[in-house]
2 protein chains.
Amino acid sequence: MIKKYYLLSPGPTPVPERALSAAAEPIFHHRTPEFSALFMEVTEGLKEVFGTKEDVYILTSSGTGAMETAVVNLLSPGDKVLTISGGKFGERWGNICKAYGVAYKEIALDPWGKDFSKEELEAELKAMPDCKAVFATLSETSSGAMFDIRGFGEAVAKTPAVLVVDGISGAGVTPCPMDDWKVDVFLSGSQKSFMIPPGLAYIALSQKAWALAANSKLPKFYFDLKKAKKNLADKTTPWTPGISLIVQQKHALDMIKKLGLEGLFAHHRVLADATRAGVKALGLELLAQRPGNVLTCCKVPAGIEGGKLVKTMQGKYMAYIAGGQEPYKGKIFRIAHLGYMGGFDIITALSALEMTLMDLGHKFEAGAGIKAAQAVLKENWQ
Amino acid sequence: MIKKYYLLSPGPTPVPERALSAAAEPIFHHRTPEFSALFMEVTEGLKEVFGTKEDVYILTSSGTGAMETAVVNLLSPGDKVLTISGGKFGERWGNICKAYGVAYKEIALDPWGKDFSKEELEAELKAMPDCKAVFATLSETSSGAMFDIRGFGEAVAKTPAVLVVDGISGAGVTPCPMDDWKVDVFLSGSQKSFMIPPGLAYIALSQKAWALAANSKLPKFYFDLKKAKKNLADKTTPWTPGISLIVQQKHALDMIKKLGLEGLFAHHRVLADATRAGVKALGLELLAQRPGNVLTCCKVPAGIEGGKLVKTMQGKYMAYIAGGQEPYKGKIFRIAHLGYMGGFDIITALSALEMTLMDLGHKFEAGAGIKAAQAVLKENWQ
């Protein structure tokens, strides 16, 4: 058979054809009125997805670059912060703080997928009255968990600290209106719900965050947001930006605008509900206590070798799901449903999963997963 | 008339059609054998252009990100360095050092375009025996000047310092074989002679530079080359890379490979010779004492308003040359001849320039510039 490739990973994600072909347009200069108009249009579109009146800055980097941007622009050496770490990406906040000499207390949630409540955060903040910032994650891509950012926002807003949220995989999938939920720094990456290839990252700061940034002493140059702010006033960027990616982002944002933000959230909710119904019908268990709509993270069933499951999905069926990371390697697998995905991509994912489980000798009712997912899709199709 | 756009700026530069259309291919995952094979092929191609046996690291950032990468990976707070600053980009070395608390002595060449000799560098190094690094520029994009990197390499190699060269606009245009010329850190950007859109930067370190990097104490995370090195051993990158740009780079490197590196240098030499012949025939004067083949930087003739010249070229003739930067705004203009440019692009540039000069009332023999350029092209065409 023709080996047809299905990208079902939590980033990179499939890109709409129109946004793909836009990258094939001839390059034009970034110091022109044409570029400035496009750039400001994209910036406005990003503000809508972020749910903010503040400016959103476009960085040419991966999402990790935006995480570093948050740390180095807000803090000074020796500052005390809290990091909420529910997996590989929550851990990254601590790793960046460590690299820059920021004193961080890591709230390491064990096992991955465990939830953390607003009340628990309030207690932590009470114990650290000089906390400058709380670093959290909207959707933890390594566990599939979603966090109560709205609750965190309420807790942090009562203190002098700022709330920084990694929305790399979560923004545009699940609601997180930055201004309403009192998120002080929100950031994301282009290759997730923004539906373009990797290479750009987005970040916005509240006025409370800008006030903290005004006194920040950590060294920075490429990621210096004061330079970005100064240049945005001139409708440009301090450094040559990823022009072709910004052109692509305009087209993907046009699609998002047409669908509407609520429509985009509803779309992802249906895909996630269908996926969850499918894997539950196969008797599989989710890792996350509070699963999000970005990806579905399942425990590998007893008696099955996790590495083999992922390898078969990817190698034999070309269904490129993701395996577990670090301590969870071989123990979980992750099916993403973000980016340019439709309902039938979920059917494909579950069908490939069922066939793989058959190959590995797992006992279950064949077709139960795709049937359950289809029922959810049918009910919600519009 | 149809307004046809001509990109004649020193970055971004025109991208070959085949490399453009490659960006429209569906996105695939960066943790796959398919990506690893492509990634290693691109890395090998970059090594050839860099003239090095060392690994070349692909960063998702602009060229400035690679400059910061050099500084933060080599140095420690309080280290003493020399920066050779012949314009806006040479100045940037000092600005990055300043941001990171590195003690730098800036050799500010005044006016821009002034040369700096190996012997002068030797004298500076003698006066600073504890110098850790010399930061230089192969082609200074703000002045059109080229520097004697071979001579600098000989001078620095005799000391414990390392030589760091910004080859952002120069690599692939003019020879700078990193290993042969004893360049310890060489870096470039994707949107120049590498003929793809902006968004990637490339950097390589000599063994002498790696030894210095081993003791570097400046903070770093996203740009940490130790992480990049560890990941390259696994044929991947630490962070999600600009996948579509790397795919494009493969196609552009295929073209470079076919032409050969010597062919690429010869091509740029012919374009630069033709441009220089053309502007000289118009009675224009170059800014650089030692002009390079990347771009031709001319002084605006007396009696002409520089801003108007650039505006007419760009607005009326859609020939997107660059104006002067900072103190040279309105005093110079810059015609680039790098990226995917052919001989007739030079004729176009000079024709637009002649028509602009006529519009502005400049007295000269009409057609003299294009005739002189054409003669050079004809003689060297192959």
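1. The contact between the two chains takes 42 residues from chain A and 42 residues from chain B, two residues being in contact if their C-beta atoms, placed from the backbone, lie within 7 Å. On the side of chain A that touches chain B, the elements giving two or more residues are α1 (17-22), α3 (63-74), α4 (88-99) and α9 (243-259) of chain A. Helices (H or I, at least four residues) and strands (E, at least two) are DSSP runs, numbered from the N terminus.

2. This is a predicted model, in which local features need pLDDT of at least 70 and side-chain atom pairs count only at pLDDT 80 or more, while totals for chains, interfaces and linings use all residues. Residues are numbered from 1 along each chain as its sequence is written, and chains are lettered from A and ligands numbered from 1 in the order in which they are written.

3. The same surface serves both copies, as 100% of the contact residues of chain A recur in chain B.

4. In chain A, an open sheet of 3 strands has the order β11-β14-β13, with antiparallel pairing; strands pair if DSSP finds at least two bridges between them. Its edge strands are β11 (295-299) and β13 (322-323) of chain A. β13(A) pairs with β14 (residues 332-336) of chain A over 2 bridges, and A:Phe333 is the bridge partner of A:Gly323.
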